[in-house]
Amino acid sequence: MADANNGRIEIEGVTKRFLTPGGEVFTAIKDVSFTVEPGQFCAVVGPTGCGKSTTLGMVSGLDRPSEGTVKVGGKVVDGITDGVSFMFQADALLPWKTVLANVALGPIFKGASKAEAQARARDWLRRVGLTGFEDRYPHQLSGGMRKRVAMAAALINEPKILMMDEPFGALDVQTKAIMSNELLGLWEQSRPAVLFITHDLDEAVALADKVVVMTSSPGTVKAVYDIDLPRPRGSVQEIRFEPRFLELQHQIWDTLREEVERAYARTAGGPVTEGKAA
Amino acid sequence: MAMLTRTERKRSEPARTAPTRTGVRRALSSPLSTVAVLLVTVVWTVPSLGLLVTSLRPEQDVAQTGWWDFFAHPHLTLANYHDVLFNGGFGVSDGLMPYLVNSLAITVPATIFPIVLASMAAYVLAWIPFKGSDTIFFVFFALQVVPLQMALVPLLQLFSGGAHIGSLTIFPAVGMGGSYAPVWIAHTMFAMPLAVFLLHNFIAQLPRDLIEAARVDGASHFRVFRSVVLPLATPALASFAIFQFLWVWNDLLVGLTFTGGAPESAPMPSRLAQLSGSFGDHWEILTAGAFVSVVIPLVVFFSLQRYFVRGLLAGSVKG
Ligand SMILES: Nc1ncnc2c1ncn2[C@@H]1O[C@H](COP(=O)(O)OP(=O)(O)OP(=O)(O)O)[C@@H](O)[C@H]1O
Ligand SMILES: [Mg+2]
């Protein structure tokens with residue numbers, strides 16, 4: 001993290017087309033451009049199927065753009081991007097390995113010795129409040145605990161970019177709030193750039209410095225909002241009641257609603273329901 | 001035979017407990033059909049029991065009375081097994097023992113090679129996108145229809161003469177007789193299409209998140225294959241291992257063709273075939289030999305079966 005440019009993500013005019021099994025070309029995202037500064041927390045919201053996960057895949061280097069470039073730290077992404085960690089909705093834990101071994105996997109993949117990896121894993125498990133659970137297996141943990149393990153596993157390699165694809169999407173409201181607070185706490189310590197995908201606008205506004213709203217498919221950037229709520233933000237449950245939060249939330253929702261309704265009308269083919277899609 | 005009924009019974013169990021019961025399933029789970037299945041199982045098992053009992057009875061008894069007479073005059077001996085395994089005394093040559101060793105030396109590598117190669121191929125075809133991967137997979141799939149008999153003669157020529165372009169050797173002659181290599185290679189080749197097809201279908205279904213998380217963490221493809229894909233694919237690997245082991249163990253055609261029946265390398269079925277020719281009326285010898293060849297696949301089957309319980313994935317991806 002010596003270089004200040006290290007974690008900057010620049011997405012420039014990226015288009016991604018897929019070949020459908022029927023042989024037609026399907027444009028998932030079109031001409032998407034936005035930048036995430038080093039240490040910035042950027043949330044991406046948009047209707048389902050608009051290409052959020054696709055965008056993330058191209059930043060990580062798992063996938064390549066059809067047009068345009070993705071740069072990380074000034075370098076065009078080509079192959080797996082260095083210094084990136086991923087966190088998915090489903091926690092990617094190996095069921096036959098203990099919690100400790102799962103967390104230690106990251107450093108081991110990076111070439112650390114087993115003893116060193118385990119020592120670091122122990123330290124990270126302590127930081128996420130799971131001391132004493134090292135020898136359990138993932139299926140012996142609650143959903144929230146598994147999320148903590150996944151978080152430790154994502155952060156142990158000290159990534160300069162953390163990518164999260166609806167990481168808390170499967171959690172209940174309370175656990176989600178707790179996990180969000182913990183994520184903010186851990187993020188403040190090492191300050192990686194974060195690309196955070198969510199369907200929950202409240203979550204996006206409460207956590208992020210910047211919210212990117214995408215249009216329904218083919219996905220493009222509809223608007224970018226800077227969230228000027230001061231940090232540290234404290235508890236995400238409380239911040240929801242602040243006037244500035246509500247103002248921003250309404251503003252973004254006005255932009256997003258149209259897209260969500262359009263996407264809904266397209267997928268369901270039914271009447272458009274009023275109300276807030278979370 | 002006993003093997004077959006056992007696998008069938010295993011397979012029908014999930015159907016009986018499945019929550020969605022269609023008409024056919026309901027009919028299959030009625031008490032009447034349970035009785036019918038039991039009956040069929042008994043009818044299928046009785047000859048196997050007869051085989052076992054005959055192989056344990058003394059020579060004179062076998063010659064004079066049927067095996068069921070054992071229940072009236074229980075008199076058992078292991079002499080037949082000793083004869084058939086170790087005694088060279090019945091005219092042809094040595095006992096079965098060297099052939100048993102050959103069979104193991106052929107079957108174990110001929111099971112491991114295709115699994116290793118096919119699981120790697122399946123991972124590459126399923127998880128590494130490159131131009132033409134679909135075509136390659138389709139060719140593998142299509143090769144399954146080629147009957148192996150068609151390839152016997154060209155393969156024999158390849159093994160005995162090698163393959164050359166001009167003076168350049170692209171495949172060395174391995175030489176026939178006295179070597180296991182031709183049988184290993186032949187069995188591996190014949191197994192590949194089905195193995196790649198089966199394992200690809202399983203490996204392609206593994207959760208994308210697990211594999212991508214490891215990739216992003218910096219694991220190489222080989223690393224992902226070894227520490228994520230292989231453990232997850234254990235049920236499929238075990239199923240195919242059993243299938244391939246049984247096929248190679250019971251195979252006569254490939255074994256006989258590529259060893260020429262030489263005692264240094266021929267597998268047990270070729271010897272059993274000879275025995276039944278020269279000892280057609282010595283049932284006690286034949287049944288003992290047959291039983292030896294049944295026992296080993298049984299051991300393999302029961303030691304591997306716990307691996308193909310599909311419990312391993314439970315809890316890996318939730319929500
Ligand atoms: N490999 C692929 N082949 C063909 N089409 C694809 C492929 N991957 C994604 N798509 C299509 O691209 C579009 C965007 O997909 P993506 O997964 O990025 O959406 P998303 O915004 O993450 O949606 P969600 O919010 O539901 O997760 C979808 O319409 C999807 O059908
Ligand atoms: Mg998605």
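Student: Is Cys42(A) buried or exposed?
Tutor: This is a predicted model. In it, Cys42(A) is buried, and its relative accessible area is 0%.
Student: And Cys50(A), is that buried or exposed?
Tutor: Cys50(A) is buried, with a relative accessible area of 0%.
Student: How many disulfides are there over all chains?
Tutor: The search of the whole structure gives zero disulfides. A disulfide is a covalent bond that joins the sulfur atoms of two cysteines.
Student: How far away is the nearest cysteine sulfur to Cys42(A)?
Tutor: The nearest one belongs to Cys50(A) and is 13 Å away. A disulfide needs the two sulfur atoms within 2.5 Å, and Cys42(A) is in no disulfide. Cys50(A) is in no disulfide either, its nearest cysteine sulfur being that of Cys42(A).
Student: Let us change topic. Which residues touch the most other members of the largest nonpolar core?
Tutor: Phe41(A) and Val211(A) do, in a core of 57 residues. Helix α4 of chain A, residues 143-155, gives the most to this core, namely seven residues.
Student: What does Phe41(A) touch?
Tutor: Leaving aside residues up to four places away in sequence, its contacts include Leu183(A), Leu184(A), Trp187(A), Phe196(A) and Arg231(A). Another core, of 34 residues, lies apart from the largest one; among its residues are Ala195(B) and Phe225(B).
Student: Now the strands, please. What is the order in the open sheet of six strands?
Tutor: The order is β6-β7-β8-β3-β9-β10 in chain A, and the pairing is mixed.
Student: Which strands stand at the edges?
Tutor: β6 (84-87) and β10 (221-226) of chain A do. Each has a single partner strand, so one side of each is left without a neighbour in the sheet. On average, neighbouring strands are turned by 15° against each other, direction ignored.
Student: In which sense do β9 and β10(A) pair?
Tutor: Strand β9 (residues 210-214) of chain A and β10(A) pair in the antiparallel sense, over five bridges. Met214(A) has Val221(A), in β10(A), as its bridge partner.
Student: Which helix packs on the sheet?
Tutor: Helix α1 of chain A, residues 52-60, packs on the sheet and touches β3, β6, β7, β8 and β9 of chain A. Its direction makes about 155° with that of β7(A).

Key: Residues are numbered from 1 along each chain as its sequence is written. Chains are lettered from A and ligands numbered from 1 in the order in which they are written. This is a predicted model: local features need pLDDT of at least 70, side-chain atom pairs count only at pLDDT 80 or more; totals for chains, interfaces and linings use all residues. Side-chain values use heavy atoms; hydrogens and water are left out. A nonpolar core is a set of buried Ala, Val, Leu, Ile, Met, Phe, Trp, Tyr and Cys residues joined through side-chain atoms within 4.5 Å. Buried means under 20% relative accessible area, exposed over 50%, partly exposed in between (1.4 Å probe, protein chains only). Helices (H or I, at least four residues) and strands (E, at least two) are DSSP runs, numbered from the N terminus. Contact means heavy atoms within 4.5 Å. Two strands pair if DSSP finds at least two bridges between them. Axes are lines fitted to C-alpha atoms, for helices over the stretch in contact, and angles run from 0 to 180 degrees between N-to-C directions.
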